[in-house]
Amino acid sequence: MTAYPLSALVIAAVGTVGLVIHSTLPRTGKIRPGMFCFYTNQSNLLVVLYELALFTAWLLRAGAVYQLLVSPNVAMAVAACIWITHLIYHFVLVPWIRRTGGTFADSAEERTGNILVHYITPLMTLLQWLLWADKSLNVWSAVWWLLLPLGYFAYAMLRARSGKPIGRTDLLYPYPFLDYPTLGPKKFWLGIGRLLVFYFALGLVLVGAGRLILLLD
């Protein structure tokens, strides 16, 4: 099946364009400081690297590497990882920005970058998974994928302990729901617990969708 690896090349290209625009590199000539402290950009970078590796392994006929990359748990984890970027942005961050009177972007370039990294790349990756990935999944697949958001959580909290703000902002925490000092222990851990439940539920949704597709094939 050539559709799977060819789709990987297209997604890698779109994801790269999204990251480059989102980085402000075309406008300023340099990547904005602190860009890769944010889950959005880390997840998009992960997708680009994953898709490039998948296409390269197929092109070079590296069978063992290719089979690992398209294995059910790995493919699902990548799809869930980037789909979370869309869901958190659209349903958590956008409402929060609107409530606080903030702005999403000040230029057409920034709006394009936002759309690519928060909507287009996640949608294309999810469609790739739905159309071509091996969906031989089980409940443990939904547990296994949690390693990615937990890894980001550990990174964000350890980075904040350095006391160094992100880029040119005064932020220690990349997202308001990770701001432990402001939220306090009760709100913080309640929020993190809810997110983990939500992440696990998303994994179960993908497992269920995969099982249903297999039944219908």
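What volume does the second largest cavity have? The second largest cavity has a volume of about 40 Å³. Before I place it in the structure, some notes on the model.

This is a predicted model, in which local features need pLDDT of at least 70 and side-chain atom pairs count only at pLDDT 80 or more, while totals for chains, interfaces and linings use all residues. Residues are numbered from 1 along each chain as its sequence is written, and side-chain values use heavy atoms, with hydrogens and water left out.

Let me turn to the cavities. On a 1 Å grid over the protein atoms alone, a cavity is a set of points where a 1.4 Å probe fits but cannot get out, and lining residues have an atom within 4 Å of a point. A volume is the space filled by probe spheres set on the points, which are joined across faces, edges and corners. The structure holds 2 cavities of 30 Å³ or more.

The second largest cavity is lined by Tyr4, Tyr50, Ala75, Val78, Ala79, Thr125, Gln128 and Trp129. Two or more of its lining residues come from each of α5 and α6 (108-132). Helices here are DSSP runs (H or I, at least four residues), numbered from the N terminus.

The largest cavity contains about 240 Å³ of space. It is lined by 18 residues, and Tyr39, Tyr152, Phe177, Leu195 and Tyr199 are the closest to its centre. The helix α5 gives the most to this lining, with 5 residues. By class, the lining of the largest cavity has 16 nonpolar, 2 polar and no charged residues. Ala, Val, Leu, Ile, Met, Phe, Trp, Tyr, Cys and Pro count as nonpolar, Asp, Glu, Lys and Arg as charged, and the others, Gly among them, as polar.

Next, the pockets. A pocket is an open set of points with protein on both sides within 12 Å along at least five of seven lines. The second largest pocket has a volume of about 390 Å³. Among the 17 residues lining this pocket, Val92, Pro176, Phe177, Gly191 and Leu195 are the closest to its centre. Here α9 gives the most, with 8 residues, and the lining divides into 13 nonpolar, 1 polar and 3 charged residues.

Finally, I consider α9. A kink of about 80° is centred on lysine 186; the bend at a residue is the angle between axes fitted to the seven residues ending there and the seven starting there.
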